[in-house]
Amino acid sequence: MSESLEKLQNRILSDAKHKADETIKDYQAKSQQILEEAKQRAQREFEEIIAKANVEAESIRRSILSSKVRVNRLRILDEKNRIVEDIIHSVEDQLSSISKSEQFEETAQRLVTEAVKAVDTDQPVVRIGFRDMSKRNLDEVSKVLPKGAKLVIDEKPIDNLGGVVATDPKGKVVFNNTFKSRLERLDNQLLTLISSTVFGE
Amino acid sequence: MSGIDAVKKIVETEAQARRIVDEASARAQQIISETREQAERIRQEAIARAQQQREEILSEAKNKAEAEALQSDKETEQILNSYRKLSEERKATAVSKAVDLILNA
């Protein structure tokens, strides 16, 4: 009786220890699995943060560079514009003082002839006005006027730079052949010419 | 040993067995609890490492872009200088051609 009781007790305790060991073993395995999953999740989170950082870094780089490139392109454009404007001012200076040059008579005659031809009338009214224009200058201009033409002399240069404006007698047909008007008409050609001469473009 | 004593012994042994199982269960819960804490530490450490690396990546990108921007400034300055030099050299020719265009076009 005593022996079998002891056996039973040992069996009960042995079963309990076995169950306890199994429980611990199960939970240790579960623990390992939790750790493994945690490591994998941590690695994924790590990689996601780094991937986002790389995208953000590229965005920062592009932002800094594109902003700088834009500013520098504008600086280059501004400088080219400044140079072209400076040249156009010099051109305007030369044109406005053309009456002092040897080219004046020939130029004035050409401007008058073109303007008269453009209004296409027997009695054109031709206004002429250049800076520092002399009587001698006007004598030469008169030679190219048609018989019925009327010459009006402006003491001041027309449109600031000087030139010629022809109209029909009623003033309905007008042809503006001032230097300012010619500069505006030839604007595209002028810019191309200056750019190609200075910048080789 | 009487039957009652034997039953008592069995009851005591059963109680002891339950304690063994309960202790194992408690220990197991403790293991899981510690494991979860350890898992959270692993996650936090990984995030901290990633954040530090992120700062380094961003800082490096910013420095690199600023260096490239500086290079762009230098190149722009060279272009501007070359334009100024060309302007000085060719201005008279350009003015002459432009005047000629306006007078004779």
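This is a predicted model: local features need pLDDT of at least 70, side-chain atom pairs count only at pLDDT 80 or more; totals for chains, interfaces and linings use all residues.
**View 1. Overall dimensions and secondary structure of chain A.** The secondary structure of chain A amounts to five helices and four strands, and read from the N terminus the elements follow the order α-α-β-α-β-β-β-α-α. Taken along the principal axes, the C-alpha atoms of chain A occupy a box of roughly 160 × 35 × 25 Å. The radius of gyration of chain A is 48 Å, whereas a compact globule of 201 residues would have one near 17 Å. Buried residues account for 22% of the 201 residues of chain A.

View 2. The domain assignment divides chain A into domain 1, residues 1-96, and domain 2, residues 100-199. The C-alpha centres of domain 1 of chain A and domain 2 of chain A are 74 Å apart, and their contact draws seven residues from domain 1 of chain A and nine residues from domain 2 of chain A. On the side of domain 1 of chain A that touches domain 2 of chain A, four residues are nonpolar, one is polar and two are charged.

**View 3. Chain B, a chain with one helix.** Chain B contains one helix and zero strands. Its radius of gyration is 44 Å, well over the 13 Å that the globule rule gives for 105 residues, and chain B is therefore more spread out than a compact globule. The C-alpha trace of chain B extends over about 140 × 25 × 5 Å along its principal axes, and 12% of the 105 residues in chain B are buried.

**View 4. The interface between chain A and chain B.** In this interface, 63 residues of chain A are in contact with 58 residues of chain B. On the chain A side, the elements that contribute two or more residues are α1 (2-96), α4 (179-185) and α5 (187-199) of chain A, and α1(A) gives the most, with 49 residues. By class, the residues on the side of chain A that touches chain B comprise 35 nonpolar, 14 polar and 14 charged.

**View 5. Packing of α5(A) against α1(B).** Two packed helices are described by the angle between their axes and the distance between the axes. For α5(A) and helix α1 (residues 3-104) of chain B, the angle is about 140 degrees and the axes are 7 Å apart, and α5(A) passes α1(B) in a right-handed crossing. From α5(A), the residues that make the contact are A:Gln189, A:Leu190, A:Leu193, A:Ile194, A:Thr197, A:Val198 and A:Phe199. The α1(B) side of the contact consists of B:Tyr83, B:Leu86, B:Ser87, B:Arg90, B:Thr93, B:Ala94, B:Lys97, B:Ala98 and B:Leu101. Sorted by class, the contact of α5(A) with α1(B) includes ten nonpolar, four polar and two charged residues.

**View 6. A:Arg131 and A:Asp132 in the loop between β1 and α3 of chain A.** A:Arg131 lies in the loop between β1 and α3 of chain A, and A:Asp132 is found in the loop between β1 (125-129) and α3 (135-142) of chain A. A:Arg131 counts as partly exposed because it has 16 C-beta neighbours inside 10 Å, and A:Asp132 counts as partly exposed because it has 13 C-beta neighbours inside 10 Å. With neighbours within four places in sequence left aside, A:Arg131 is in contact with A:Ser96, A:Ser97, A:Ser99, A:Pro157 and A:Gly162, while A:Asp132, treated with that exclusion, is in contact with A:Ser99 and A:Lys100. The C-alpha atoms of A:Asp132 and A:Glu155 are separated by 8.5 Å, with the two residues 23 residues apart along the chain. A:Arg131 and A:Glu45, which are 86 residues apart in sequence, lie 80 Å apart in space, C-alpha to C-alpha.

**View 7. Positive phi values at A:Asp120 and A:Asp132.** Most residues other than glycine have a negative phi. A:Asp120, although not a glycine, has a positive phi of about 50 degrees, and A:Asp132, also a residue other than glycine, has a positive phi near 55 degrees. A:Asp120 is located in the loop between α2 (104-119) and β1 of chain A, and A:Asp120 counts as exposed because it has 11 C-beta neighbours inside 10 Å.

Definitions and conventions: Residues are numbered from 1 along each chain as its sequence is written. Chains are lettered from A and ligands numbered from 1 in the order in which they are written. The radius of gyration is taken over C-alpha atoms; the globule rule is 2.2 Å times the number of residues to the power 0.38. A residue is buried if 20 or more other C-beta atoms lie within 10 Å of its own, exposed if 12 or fewer, and partly exposed in between; C-beta atoms are placed from the backbone. Two residues are in contact if their C-beta atoms, placed from the backbone, lie within 7 Å. Ala, Val, Leu, Ile, Met, Phe, Trp, Tyr, Cys and Pro count as nonpolar, Asp, Glu, Lys and Arg as charged, and the others, Gly among them, as polar. Axes are lines fitted to C-alpha atoms, for helices over the stretch in contact, and angles run from 0 to 180 degrees between N-to-C directions. A crossing is left-handed if the near helix is turned anticlockwise from the far one by less than a right angle, and right-handed if clockwise. Domain bounds come from an automatic or database domain assignment.
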